[in-house]
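Colleague: I have the sequence and the model open. Can you walk me through the fold, piece by piece?

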Amino acid sequence: MQVNVIDAIMGTGKTSAAINFINKSNDETKFLYITPYLSEVKRIIDSCPNKRFKQPQSYGTKLNGIKYLFEKGSNIVSTHALFSSFDEEIIDIAYTNNYILIMDEVADVIEPLEISKDDLATIREKYTRLVDGHLLEWYAKDYKGEFEKYKKLCDLKCLAVYEDIVILWLFPITTFRAFREIYILTYMFEAQTQKYYYDFYNVDYKYLNIVGDGVDTYNFTEEKVDYNIPDYSKLIHICDNDKLNQIGDLDTALSKGWYERNKNNKLIKQLKNSTSNFFKNYTKTKSDENLWTCFKDYKGLIAGKGYSKAFLSSNIRATNEYRNRIAVAYLINKYFNPYVKNFFIKNGVSVDDKSFAISEMLQFIWRSAIRDNKEIWLYIPSSRMRMLLEQWMNNLNK
């Protein structure tokens with residue numbers, strides 16, 4: 001497979017270039033377009049009328065629906081969630097029909113699998129063995145029982161064990177290898193899990209750029225491109241109020257562990273009050289101009305009057321529905337999952353925690369009015385995350 005990474009800052013025309021690439025292809029070229037949100041599914045269908053993109057319908061399950069479309073040789077547009085559930089049959093059909101895969105934003109390709117210690121011990125002792133140093137192989141071939149879902153995952157070669165304490169789900173690499181060409185539209189690929197995952201599997205990839213001066217003229221190119229990037233230091237106003245920012249002074253403050261430790265004490269109330277103060281007194285914005293995030297499990301502890309309904313998950317990507325929001329509170333200090341990070345490091349793949357953190361934060365911030373080069377006001381109480389954003393802005397136009 002040929003993997004092409006289009007790594008360019010938000011708003012440089014990646015999706016438009018992909019649409020033009022599709023529309024210029026011959027009738028025999030078939031596409032699977034994967035995007036995070038249903039609104040983008042409609043955009044692809046409307047923008048590529050000659051390709052007659054289809055969404056998978058439910059024939060018992062959505063998975064059966066996408067099998068049906070692959071067998072017919074249809075051009076398909078679907079979401080990341082369905083893509084992550086591909087099985088061996090779909091992989092075989094896609095490979096045989098010679099599809100090109102376009103991914104609008106990277107996928108969640110590795111994450112800890114929730115399983116009890118007792119169930120993990122039973123699976124390890126009775127039904128599986130380690131292969132290649134980390135993968136679980138299910139050797140009880142005729143097994144029928146409560147662990148069948150884990151057997152299917154083992155058969156796809158996507159369950160790994162990290163230091164005998166946790167199972168990691170790895171996206172089946174065979175899914176990617178079912179496509180002769182892959183195009184990944186993203187920003188800061190070097191800092192993302194999918195890049196580390198490709199390095200783990202020794203997948204080669206090359207970088208492409210975007211050339212053009214408008215929606216209808218954007219195209220992929222191998223040539224070096226100097227993007228016309230605005231001076232974001234004049235558009236992004238970071239709250240520097242010492243009282244509001246005090247709660248994030250420690251380097252690990254507002255990390256997921258911090259939230260868990262302090263969910264029942266006055267620090268959470270202080271964070272809520274500071275967030276309310278930011279929207280009410282610092283920006284004085286209306287509720288439909290606000291946007292905020294924290295770790296989802298703690299949303300109810302931080303939500304307050306005037307901004308409660310403006311919550312958006314921190315891992316949101318590729319949606320334009322919040323481009324009118326001018327006041328943004330990012331109440332997270334982001335770190336790479338320690339199990340996943342150590343798994344990569346143990347297998348010789350370097351991980352950059354700081355680049356990962358800024359990459360994740362930028363994706364969230366760019367859901368706001370900054371995507372239209374309009375001014376925004378940011379509340380980032382974590383001193384670590386504030387520093388990373390300031391460094392990014394300083395280095396952007398160097």
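**Packing, sheets and overall size**

Colleague: What do the buried residues of α16 pack against?
Modeller: Buried means under 20% relative accessible area, exposed over 50%, and partly exposed in between (1.4 Å probe, protein chains only). Packing rests on contact, that is, heavy atoms within 4.5 Å. The buried residues of α16 pack against β13, α10 (242-245), β15, α15 and β16.

Colleague: What pLDDT do local features need in this model?
Modeller: Residues are numbered from 1 along each chain as its sequence is written, and side-chain values use heavy atoms, with hydrogens and water left out. The model is predicted: totals for chains, interfaces and linings use all residues, side-chain atom pairs count only at pLDDT 80 or more, and local features need pLDDT of at least 70.

Colleague: Which residues of α16 are buried?
Modeller: α16 covers residues 383-396 and spans 20 Å from first C-alpha to last, close to the 20 Å expected at 1.5 Å a residue. That expectation is 1.5 Å times one less than the number of residues. An α-helix has 3.6 residues a turn, so residues three or four places apart point the same way. The buried ones in α16 are R384, M385, R386, L388, L389, W392, M393 and L396.

Colleague: In what order do the strands of the four-stranded sheet run?
Modeller: Helices (H or I, at least four residues) and strands (E, at least two) are DSSP runs, numbered from the N terminus. Two strands pair if DSSP finds at least two bridges between them. The sheet is open and its pairing parallel, in the order β13-β16-β15-β14.

Colleague: Which are its edge strands?
Modeller: An edge strand here pairs on one side only.

Colleague: What is the bridge partner of N290 in β15?
Modeller: β14 and β15 (residues 327-330) run parallel, joined by four bridges. N290 and W292 point one way from β14, L291 and T293 the other way, and all are buried. In β15, N290 has as its bridge partner A327.

Colleague: At what angle does α12 run to β15?
Modeller: Axes are lines fitted to C-alpha atoms, for helices over the stretch in contact; angles run from 0 to 180 degrees between N-to-C directions. α12 (residues 266-282) lies across β13, β14, β15 and β16 (376-379). Its angle to β15 is about 165°.

Colleague: And which strands does α15 touch?
Modeller: α15 (residues 353-365) packs on the sheet, its direction making about 150° with that of β15. The strands it touches are β14, β15 and β16.

Colleague: Which strands stand at the edges of the seven-stranded sheet?
Modeller: This open sheet has mixed pairing, in the order β3-β2-β4-β10-β1-β11-β12. Each edge strand has a single partner, so one side of each is left without a neighbour in the sheet. They are β3 (76-79) and β12 (219-221).

Colleague: What is the bridge partner of V5 in β11?
Modeller: β1 (residues 2-7) and β11 (residues 205-211) pair in the parallel sense over four bridges. The partner of V5 in β11 is Y207.

Colleague: What radius of gyration does the protein have?
Modeller: The radius is taken over C-alpha atoms, and the globule rule is 2.2 Å times the number of residues to the power 0.38. With 398 residues, a compact globule would come near 21 Å. The protein agrees with that, at 22 Å.
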